[in-house]
Amino acid sequence: MGTGRLNILKAAKIVLAICGVLALVAVGVGWYLNQHWKKLLEKELPAYVASMSDSLYIVKFQHLSLDVLSGNLTLEKVSMVADTQVYQRLLARHQAPVNVYTVSADKLQLEYFKTWRYFLAGKLNAAAVNVINPDITLEQNLTVKDSTQPKTAWQQLSPEIKSVFIGKLRLDSTHFKYVFIRQDSSRVVHEFEHLSLQVNDLLIDSLAMIDPSRYLYARNYEIGMKDYSCNTPDSLYRININGIRYDAAMRTLYIERAALIPRYDSNVFQQKTGVQQDRYEVLLTGIRVDRLHPQLLLQEQQIWAAYIDISGGSIQIYRDRQQPMPSGNKLGKYPQQLLQRFRVPVYVDTVTIDNMQLSYTELSNETHQTGSIYFNHIHGQFGNITNIDSIVAENRQMTANFDAVFMNSGKLMARFNFDLSDPSGKFAVAGQLKNMNGKELNVASKPLGMIEIKSCDINDLTFNIRGDERRAEGFVKLLYQNLKIAVLTQDPGSRELKRKGLASLIANIMIINDSNPLKGEPVRTVTVHQARDTGKSFFNLVWKTLFKGVKDIAGAGNL
């Protein structure tokens, strides 16, 4: 072996030896720093919190582990609670804070914690902080008088730490309880399970609070909850809400799915109610609420939002007319009247719905068969939804504009106006139905009216109705042609609906008008006056008024 090769081998051995020594030194230094800084952190963290809170809060944890090389810091079974004796002393000196927290978690993990920067420069930096199974209670007490000068988070931290930066703060599977005590000592309590919270790019320093690109020191707060479920007060329905997420920077709430589900089938439902009552199945998807005010919602139970968008869903309504009518009446139960009586103050500027489906099914007391009407591809917009007096004083009209496909055929447009300031429930509705095959109405007219439409081409139905909670009147115009009907009777044994030949012939020849206008005659229009059955709903009055006008134009008023 040559001399050069021997020299290379010797040099390699020396380098390996040096590397080995350096590795041992690094491990030793790392071990020493881990132990040394671990002990410092175990003392400093509780001391920092006590110092920043004027000794109000006590921090405890079962175990702290630190890996300097990887930058991982973990606290297990960590908690922060207020010292009740200190709190009472602060109350007596009018120095107690309005907000008091109680926090615990199974584990708190800091990832890529820059240990050197913390100990040498007084700056707390971490790429991420994960809080596992936190339990948080926030009590906000407005009866507490705090005479001290309010401090920002930076001012509270700055005597001990120069800055805090956390790339992502994640709280998973959080139990959160919010207790709000008003100045009159009344209490509001909200409790949430399985919340998730992510705070992005959290920075606390001398400039972050005034940075316009930040919201409460962070780029954004995202709050989510997978599922929320509860029964309605009457126990007839289950409310399920899925995929809840709140974007604090955008002040936008997202809900993937909200459903109102009957807890009983239609037969058992009617047995539970004992009287006629609409049974609802409601599904709403893709809900977005813009510019929501969460503080007003949580503290004052006020619903304020600029815009609500619902991207789809369905509403199915069923009513059994074989059941007895409920006692009393439905006066004061128009949409705007119910809104005014709603105990929670509400203001929503605009609500839009898209691609909704609506069906109403009724079980007839006479034929014992069901009939249905339905609307598909509903697009709508509601405006000025409020029961707040100052807003109503400026704009007293709540509006609703819709377009839909009626009974798989007709193109329907309608506009509703509700007077928010009138106690008698004044309203107006105007609309138009065009290009419909009248035979599509048989799914309702046969079982519910015992009339079959053999043929009818509806070209245009225009209506304009006004009323209040006791009556309605309106203008109706119906343009149609080729109307032929069959009057039906029901076989007592089989309950099958059959055509009454003579009655049908007389109706077609002598009673109904087969078109409007008739040849050589002007277009027929009617002005309808309809008293309300106060035991029935707002929509029943609108339908009865419109239907009466249609029957009068067709000459079928006595059928």
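This is a predicted model: local features need pLDDT of at least 70, side-chain atom pairs count only at pLDDT 80 or more; totals for chains, interfaces and linings use all residues.
A residue counts as partly exposed when its relative accessible area falls between the buried limit, under 20%, and the exposed limit, over 50%. Keep that in mind for the cysteines below.

**Cysteines**
- You won't find a disulfide here, as the structure holds zero of them.
- C230 has a relative accessible area of 23%, so it lands in the partly exposed class, between 20% and 50%.
- C456 sits at 9% relative accessibility, and because that is under 20%, C456 counts as buried.

**Aromatic rings**
- The count of aromatic pairs comes to 15.
- Ring pairs tie Y334, F382, F402, F416, F418, F427, F538 and F539 together into a cluster.

**The second largest pocket**
- Its volume is about 280 Å³.
- The lining of this pocket is made up of 16 residues.
- If you want to find the middle of the pocket, look for D172, S196, G224, M225 and K226, which are the lining residues nearest its centre.
- Four strands each put at least two residues into the lining: β7 (163-181), β8 (187-204), β9 (220-231) and β10 (237-247).
- Of the elements involved, β9 gives the most to the lining, with five residues.

How values were computed: Residues are numbered from 1 along each chain as its sequence is written. Side-chain values use heavy atoms; hydrogens and water are left out. A disulfide is a pair of cysteine sulfur atoms within 2.5 Å. Buried means under 20% relative accessible area, exposed over 50%, partly exposed in between (1.4 Å probe, protein chains only). Rings of Phe, Tyr and Trp (its six-membered ring) pair if their centres lie within 6.5 Å; planes under 30 degrees apart count as stacked, over 60 as edge-to-face and the rest as tilted. On a 1 Å grid over the protein atoms alone, a cavity is a set of points where a 1.4 Å probe fits but cannot get out, and a pocket is an open set with protein on both sides within 12 Å along at least five of seven lines; lining residues have an atom within 4 Å of a point. Grid points are joined across faces, edges and corners, and a volume is the space filled by probe spheres set on the points.
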